[in-house]
Amino acid sequence: AASLALLTPVFLQYVTIPLQTATEIYLFFPLLSVLCAAVAGLSTEESKNLGMKAVGVGNRRFSGKEGVGRSWLSQGEQIRLKGEAMSSKWRSFALATLPSPLLSSLIPVPFPTKMVIASALAAAQTATYLASAEHTLALATDAVALKARASAVSDTYANQGARSGAILPFTSALGGLCAAAAAAVVEVIPAVGGAGPVT
């Protein structure tokens, strides 16, 4: 949108259209850029919320008793945090929408140049939000990979334990077979007429 805002004045030099239509065309691309920045801001907030949830999964399970007490939230605290998250989303939306039009209106340049500046600032905001969301996603991916690795190690130890435990019924049955064979030999030898009791 920023590139098209830059090209719009050049195209409009060769076309004769009413002033209001030209103004609407000039405003379209900055509006589109600001809208993209606002959506990127909201998406970044949502990515941060979900990413931090992914980072926090399992932390309570492996923390000490001091950490568990700090991480537990009452119903009122949970409601307050949800309200703060909603206000943070609206604040992010406002911060994404306002700066580029305000800054471009303060710069003393012709109207088409102001529109290019507004589009470029909104594109820069969008790129900043993208970088922030990518950072959060990288943290979440790292945390999930660490937990997956710990889970794999735990699963390996569980499989080793199951393998060791799987031999126990065999050894128990083998022990029972040996005891039965010994009892049978003790009972069969006198009947066969073999050697008598050892004295």
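Cys36 comes out as partly exposed, since its relative accessible area is 39% (the class between buried, under 20%, and exposed, over 50%, using a 1.4 Å probe and protein chains only). Cys178 lands in the partly exposed class too, because its relative accessibility is 49%. The disulfide count for the structure is zero, going by a cut-off of 2.5 Å between paired cysteine sulfur atoms.

The model is predicted, so local features are held to pLDDT of at least 70 and side-chain atom pairs to 80 or more, while totals for chains, interfaces and linings take in all residues. Numbering starts from 1 along each chain as its sequence is written, and side-chain values rest on heavy atoms, leaving out hydrogens and water.

As for the fold, the chain carries six helices and zero strands (DSSP runs numbered from the N terminus: H or I of at least four residues for helices, E of at least two for strands). Its pattern along the sequence is simply α-α-α-α-α-α. Of the 199 residues, 18% are buried. Among contacts with a separation of 6 or more, 77% link residues 24 or more positions apart, where contact means heavy atoms within 4.5 Å.

Helix 6, spanning residues 111-192, holds Ile167, and Thr136 lies in helix 6 as well. Setting aside neighbours within four places in sequence, the contacts of Thr136 are Ser47, Lys48, Gly51 and Met52.

Ile167, by contrast, counts as partly exposed because its relative accessibility is 47%.

The structure has one aromatic pair. Phe28 and Phe29 form this edge-to-face pair, at 5.1 Å centre to centre and 75° between the planes (Phe, Tyr or Trp six-membered ring centres within 6.5 Å; under 30 degrees is stacked, over 60 edge-to-face, the rest tilted). Phe29 is classed as buried because its relative accessibility is 16%, whereas Phe28 is partly exposed at 45%.
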